[in-house]
Amino acid sequence: MNTDTIANIPLIFTAVLAVFIIALLVVTKIRKTAKVSFISFFALIVLIVACVRALFNSGMLAFNLMILLATVLLIPYCVMLAFGKPKEESKRPEEEESAPAEQNIQQTVVQEIKPEEVSLLDKGREFISIAANTFLEVKGSGDSAKGGEQDLLDSINKACMEVTGADGGAVLLVDEFDDVISVKSFMGDFPPPYKLPEDLPHKQIRVSTSFKYAQFPLRDNIFGEIASSGAAELITVPKIDDRIYENGPEDFLKLGSFMFVPLKIREKDVVIGLIALSRAPSKDTFTESEFNYAQTLGDFAESALKTTLNFKQYREQQELTRESGIATDLQVSLLPKKLPPIPGVSFGCFMEQTAGVCSDAYDVVPARQDRTSFVLMDVAGKGMTSLLVITMIRAMLRLIVNTTQSAGTILSWANRGICAENTLDHFASVALLNYDATKRKVQLATSGTIPVLRYNATKGAVESVSVSCEPIGVEKSKTYKDIEFIAGKGDILITYTDGLAEALNSSGKQYNVSNMYNIIKENCKLSGKEIANLIKSDMKKFVGTESLHDDQTLLVIKIQ
């Protein structure tokens with residue numbers, strides 16, 4: 001093989017590679033991964049022609065090798081062009097022409113936002129900011145309160161007046177417990193659209209002050225009816241609306257136009273208040289645009305008020321929880337800690353407390369050798385109030401049982417003392433049992449509904465020995481009667497509060513006290529403590545995982 005033959009081999013490879021590169025450029029153009037110039041194809045074709053012509057010339061080995069090298073260097077670039085990521089198509093001329101038009105449309109939309117609408121957004125943000133400040137509410141009351149709910153209501157009222165150009169405004173809130181709607185914020189000149197009291201002088205300051213602190217039922221007046229319906233209303237001619245009353249010829253009482261916008265919690269569909277706006281009759285009436293502005297502000301106000309009311313409810317719940325925790329601890333501290341041995345008696349008890357109730361208490365007072373007093377109380381009310389009454393009754397009974405007075409007299413004296421405290425809701429059911437171990441004599445008196453039962457060991461039956469009567473704290477002159485009997489050996493005295501008898505299980509079924517009677521009869525040989533524990537277990541089994549709604553207390557006194 002001569003030198004010329006060897007020199008032709010690179011030329012052949014170069015021509016083949018050039019053809020391959022042309023194929024890659026064709027693929028690149030089809031897939032549009034890069035822009036391929038016609039010059040590329042032309043150059044490659046020239047290269048192929050040159051290679052073919054060089055096959056017929058000798059002595060060109062070095063030149064041919066350089067061409068091969070240059071061709072090889074082009075291959076990675078062409079591969080990248082052919083198989084790279086497709087390039088996004090450039091915009092067509094018509095698209096480029098339309099782009100400025102779209103920008104102009106967007107600019108037009110921005111320009112169409114009116115200053116009033118920007119103001120509405122600012123007011124809405126202000127409402128939310130004030131509602132957030134409720135968490136840092138400063139102590140105060142009424143209009144003097146700085147921060148909190150009152151500031152928010154005043155801000156809502158002021159903003160609505162500013163945006164709508166109203167001369168007067170009022171924000172009213174619904175009291176769901178009393179079924180009334182009360183004025184909470186009042187500003188400007190607002191002629192009352194309701195009939196004024198006959199004895200109220202038609203003086204502007206007197207009328208404004210009366211309106212500022214007014215309450216209205218949820219019927220027979222424009223405020224109550226708008227709140228009840230939940231629909232906003234624009235009234236431009238109040239004289240033809242039979243829900244609106246014009247009070248007199250004085251200029252400050254003359255009616256112009258009104259807007260009423262309910263404040264509604266939408267998730268619950270419940271109206272919590274009302275925005276009322278007025279404009280003087282000497283001015284143009286409210287417009288539909290202003291009415292829409294007021295409703296938009298009402299939506300912002302509803303969100304802010306919801307935040308404030310939720311926090312207020314949370315804070316009240318926290319306060320109640322804290323108070324009930326203190327009351328529960330105090331309730332436990334009033335119970336007897338460790339009892340000395342009681343002659344002739346086996347005593348058992350249990351008390352299941354319900355959080356925040358604190359209505360039950362019991363006491364055992366070994367007053368003298370011939371008297372041991374057992375007390376069970378169930379006080380009306382909950383929390384600290386009921387605990388205060390328990391403390392008062394307990395203190396009086398502990399003092400009086402040391403005398404020679406009978407059980408009925410002791411309760412009658414305690415009743416007079418409690419009735420003297422007329423600032424408390426202080427009704428109480430009390431059972432007082434005095435036991436004389438030297439004679440096995442039982443003397444008892446009850447007030448209210450607490451029962452006293454006796455298991456008669458001789459008869460083997462459970463009997464009721466108490467009578468129902470008025471609770472302590474109802475009538476100062478009320479007297480309570482004594483019930484006395486001699487107990488036999490093995491007799492059992494039982495008394496309990498209504499929380500035990502009214503306990504419910506998961507099916508809503510009430511506990512049957514006959515179960516307790518059966519436990520007593522079947523286990524009459526056991527001690528008072530063991531019988532009390534069996535009743536407690538039966539009660540817990542019946543109730544299961546259901547929550548208690550009242551304290552449950554039981555006393556078991558077995559005569560030995």
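A polar contact is a pair of N or O atoms within 3.5 Å, where, within protein, one atom must be able to donate a hydrogen and the other to accept it, and residues adjacent in sequence count only if both atoms are side-chain atoms. The model is predicted, so that local features need pLDDT of at least 70 and side-chain atom pairs count only at pLDDT 80 or more, whereas totals for chains, interfaces and linings use all residues. Residues are numbered from 1 along each chain as its sequence is written, and side-chain values use heavy atoms, with hydrogens and water left out.

**View 1. Gln443 in strand β11.** Strands (E, at least two residues) and helices (H or I, at least four) are DSSP runs numbered from the N terminus. The side chain of Gln443 makes a polar contact with that of Glu484, at 2.7 Å. Gln443 has a relative accessible area of 11% and is therefore buried (under 20%; exposed is over 50% and partly exposed lies in between, with a 1.4 Å probe and protein chains only). Beyond its neighbours within four places in sequence, its contacts (heavy atoms within 4.5 Å) include Arg371, Leu432 and Asp482.

View 2. Asn221 caps the N-terminal end of α8, a side-chain oxygen lying 3.2 Å from the backbone nitrogen of Phe223.

**View 3. Arg440 between β10 (428–436) and β11 (441–447).** Arg440 lies in this loop with a positive phi near 55°, and is partly exposed at 29% relative accessibility.
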